[in-house]
Amino acid sequence: MAVEIELPFAQQQRQVRRSTLCLAEDGYRFQSVDYPEMHLLVQFDGRVNVYDRTDDVRPSTESKDDLSLPVHALAGLFSLNIYSYIIVVTESKCCGVVGGCDIYKVGSVLALPLDYQSGKAKLQSWRHSNPEAGDEKTDNLEHANTGTPYADPFANWISPQIAKMFGRSRAESAASSSSGTVGTNQQPGSGSAERMERRIIEEIVRLFGSSGMFYSYTYDMTRSLQAKDGQLSAANCGLQAQIACPDYWFNHHLLQFLLRQKAYEWTLPMIQGCVQVATCAASNGDSFQVFVISRRRVQRIGMRYERRGANTDGFVANSVETEQILAIDTGGQGVHYCSFVQTRGSIPLLWKQPSAGLHPVPLVVGSEDENTAVCAAHLQREITRLGRQVLVNLVEDKGREAVVGSKYASVVGVCVAEDLVDARCVRYVPWDFHHETRGMRFENIKQLVLQLQHEICDMGYFWHSGKQALTSQKGVFRVNCMDCLDRTNVVQSAFARFVLNEQLVRLGVHAAPEMGLAAYAGLEQMLNHLWANNGDYISRQYAGTSAMKGDFTRTGKRNIGGVVSDASYSIARLWISTFRDYFSQSVLDFIVGNHNVEAVYRTLVDLHSHEPDHAIQLARARQAAIEASAAIVVSDGEVVQVACIVQSPLSLNTVRMREAADAVLILTDSSVYICRYHYQMEKVTEFVRVDLDRLYAIQHGAYITDTRTPQSLDAEYNHGIALFFETAVARFNSGSEQNVSSIGNVPPSEPQAENCASDSGESDSKPDKKQCYIACKMVSKSQVIMQQLPGEVQDTGVSKASLVRLDSFSKQPPEMLAEFICSAVLSLKSTQDPALDRKHFITNSSIVSEADARQNTNIIEKMSNKIHKAFWI
């Protein structure tokens with residue numbers, strides 16, 4: 001669905017193109033080159049001012065330090081821990097013209113911090129490195145006629161240390177990335193926060209500058225010709241922000257700062273994908289053009305092994321809409337445009353494929369009903385959008401791929417049988433690509449085209465001439481293999497060649513229809529290169545390497561050299577999926593708005609990414625853990641006052657955690673329970689119960705367990721409690737009871753857990769059984785807080801129906817939750833013991849401070865952290 005924004009007609013023809021950026025004391029000032037009266041001010045505090053009318057008081061564009069640069073487009077704004085940044089396009093190439101509309105490929109971008117001194121240093125560095133930069137470059141056929149495959153420069157994703165191993169210095173890496181710095185007052189590498197921030201900026205710059213980003217000032221790149229009713233120029237419809245489709249608008253989230261301020265003239269949508277153009281001479285001396293435009297969908301966008309299958313809403317990974325456009329001028333009848341659209345996307349089921357080895361085994365997850373609902377949602381959405389779906393499944397019907405392929409076939413059958421989708425709008429076509437083309441017999445692909453020739457004729461294509469549409473496309477081929485890359489691109493190019501031949505015959509310009517595309521000198525070869533480059537772009541965006549089987553796509557023949565290249569690509573993909581994809585995935589999710597910046601920082605520590613709906617799924621699992629734990633451990637007649645998720649050593653007199661495993665804290669009217677819950681086994685493995693009448697103090701404060709990210713050092717979000725009591729009983733799920741004998745020493749009168757754990761986190765002296773403590777840390781993400789409904793107390797225990805979630809309170813910081821639990825315990829204790837010394841019962845001091853956390857890190861962990869920083873940050 002396009003973004004609907006009402007604009008005054010007077011502003012509809014004022015899409016800002018190139019502009020000049022100047023550094024000023026209060027921010028970055030932009031002045032339009034085409035409309036000098038239009039100015040934009042992005043202040044250092046993130047606020048935006050737009051000046052676009054002659055009666056406005058416009059700011060001066062004179063730079064205090066004479067620092068300016070030409071800007072081709074403003075790509076977006078994002079915020080990290082140290083600074084916020086704007087991304088500007090400093091170099092672009094015109095890669096084709098559609099209906100008089102230029103289409104540009106982003107060449108390089110610059111990330112400028114919203115800070116005067118840091119911005120000044122960055123602009124000075126950029127000017128020194130680019131003394132003659134800013135000229136618009138033109139490359140109309142970008143490799144199309146030369147046959148040279150798309151070659152991405154050395155991927156700038158590795159750390160400086162690894163780059164040096166390949167003979168690449170930090171200076172070279174920084175120069176190629178054009179990334180922002182963290183300021184002159186902070187030396188590079190002076191801390192993990194600065195290093196992480198630089199790493200994130202470099203990845204964002206890499207994604208915008210070298211992964212295939214395209215835009216146009218006058219052509220809507222986010223929709224096909226048919227979706228636009230044949231309108232070529234956006235100038236006839238309004239500003240780009242008014243008509244663009246968010247599904248394919250890559251930088252939509254990063255441009256919210258402009259959309260919120262209604263700075264629509266400065267808002268320029270970009271797509272990630274591919275644009276290829278070729279020109280061929282017709283028999284009568286005229287010429288025609290062929291365009292291949294691919295646009296990646298932003299929902300579930302990602303990297304190969306990080307995003308597989310579909311999410312619960314039916315959006316699939318590597319979803320790409322590819323449009324082949326034929327443009328031919330027939331003289332007096334004007335220019336005719338014929339558009340043919342195909343789609344690709346991962347198999348619409350809930351499935352995963354861990355990146356282990358060259359040939360990892362896929363795994364279908366979720367129940368039969370869940371997968372049916374997901375597949376039906378996906379198919380229904382595509383039918384509504386594009387019409388009849390011809391599902392061409394190219395995976396193997398035997399072996400590891402059959403696990404997912406056979407499930408796909410059965411689920412589509414269920415969707416049709418149960419009327420979840422219209423049977424007339426779906427056709428499933430299995431075609432084992434590897435089996436049918438074994439022995440390098442790739443000419444067999446023609447058999448698939450002939451098999452579906454009737455579908456192609458019924459499907460048709462969109463044909464527009466002058467001001468009216470003559471025909472429309474009624475359905476699409478939805479092609480998939482496992483990755484939706486190599487095999488998919490080969491088959492889609494075969495369909496596209498067949499349709500192009502039909503279009504040329506229909507338009508009456510075909511020299512010899514029986515000869516096919518071979519009748520035109522060089523056309524077939526150019527078309528092959530268009531589609532091969534298209535496959536390379538999409539493959540690099542999803543898997544990190546060029547597409548396999550590119551030799552066949554380019555030449556129509558398979559050769560031994562191509563087989564060797566494919567082997568090298570397989571090894572490269574294994575390396576990239578192991579060492580880069582997790583971080584690229586997290587940054588992609590950050591760019592499109594699926595993740596916040598904390599998740600990106602966390603990825604650099606954990607070395608793995610999370611699904612966008614990970615928080616929702618985790619919250620559901622944690623709710624089930626609370627319900628099961630309460631039903632198992634809470635004694636009959638007790639009332640659950642509050643239950644939440646914590647992390648705990650579940651050992652007495654220690655604050656050190658061997659691993660960050662979840663536990664369930666349950667406060668009833670007479671006891672406190674801390675339970676270890678096993679998510680896979682769905683059972684409580686052990687728990688500790690502390691009776692309130694034996695509890696004599698409670699402490700809350702900072703509980704730092706990780707020193708590797710800025711977020712992990714924030715006391716507000718790294719908060720915990722320590723319960724001090726006289727004795728306790730630990731029970732295990734076997735039903736046996738075990739008196740605790742090794743309890744450890746307790747600190748004096750006003751307990752402070754950090755004093756007990758300042759050396760190793762444990763006490764070696766003989767314990768006093770009447771004085772001990774247990775520590776818990778509140779979780780900061782996907783917290784679930786539950787409470788028992790009044791009047792739902794049962795003599796037979798706690799039922800799931802009697803517990804309700806307190807969702808509004810679950811969003812509060814861990815510090816507030818810890819204070820709430822302390823207050824609830826104090827209230828219950830006061831009811832039991834009116835003479836309680838309320839003033840000294842609760843202590844507010846650090847359980848584990850940052851200094852203690854750093855001191856408690858052993859030599860192995862310190863070495864591991866140093867190696868981690870050296871190689872990954």
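Val290 has Leu326 as its bridge partner in strand β13. In this predicted model, local features need pLDDT of at least 70 and side-chain atom pairs count only at pLDDT 80 or more, while totals for chains, interfaces and linings use all residues. Residues are numbered from 1 along each chain as its sequence is written, and side-chain values use heavy atoms, with hydrogens and water left out.

Strand β12 covers residues 287-296 and pairs with β13 in the antiparallel sense. Their pairing takes in 9 bridges; strands count as paired if DSSP finds at least two bridges between them. Helices (H or I, at least four residues) and strands (E, at least two) are DSSP runs, numbered from the N terminus. Strand β14, residues 335-344, is antiparallel to β13 and is joined to it by 10 bridges. Here Val320 stands opposite Arg344 of β14. In a regular strand, side chains alternate between the two faces of the sheet. Buried means under 20% relative accessible area, exposed means over 50%, and partly exposed lies in between (1.4 Å probe, protein chains only).

Asn318 lies in the loop between β12 and β13. The phi of Asn318 is near 45 degrees, a positive value in a residue other than glycine. Most residues other than glycine have a negative phi. Asn318 has a relative accessible area of 1% and is buried. Leu650 also has a positive phi, of about 55 degrees, although it is not a glycine. The loop that holds Leu650 runs between β22 (640-647) and β23 (662-668). Leu650 is buried, with a relative accessible area of 8%.

Two further buried sites were examined. His72 sits in the loop between β5 (68-71) and β6 (73-79). Its relative accessible area is 1%, so His72 counts as buried. His72 and Val89 are 17 residues apart along the chain, yet their C-alpha atoms are separated by 5.3 Å. Ser584 belongs to helix α16, residues 581-592. Ser584 is buried, at 0% relative accessibility. Apart from neighbours within four places in sequence, Ser584 is in contact (heavy atoms within 4.5 Å) with Glu203, Arg206 and Met303.

Rolling a probe the size of a water molecule over the atoms shows where empty space is left. The search of the whole structure finds 7 cavities of 30 Å³ or more. A cavity is a set of points, on a 1 Å grid over the protein atoms alone, where a 1.4 Å probe fits but cannot get out. The largest cavity holds about 80 Å³ of space. A volume is the space filled by probe spheres set on the points, which are joined across faces, edges and corners. The lining of the largest cavity has 14 residues, with Val16, Arg17, Ala73, Leu74 and Trp266 nearest its centre; lining residues have an atom within 4 Å of a point. This lining divides into 8 nonpolar, 4 polar and 2 charged residues. Ala, Val, Leu, Ile, Met, Phe, Trp, Tyr, Cys and Pro count as nonpolar, Asp, Glu, Lys and Arg as charged, and the others, Gly among them, as polar.

The chain as a whole has 24 helices and 33 strands. Of its 873 residues, 56% count as buried. Among contacts with a separation of 6 or more, 69% join residues 24 or more positions apart.

Notes: 1 Å grid on protein atoms, 1.4 Å probe; cavity = no way out; pocket = protein on both sides within 12 Å on 5 of 7 lines; lining within 4 Å.
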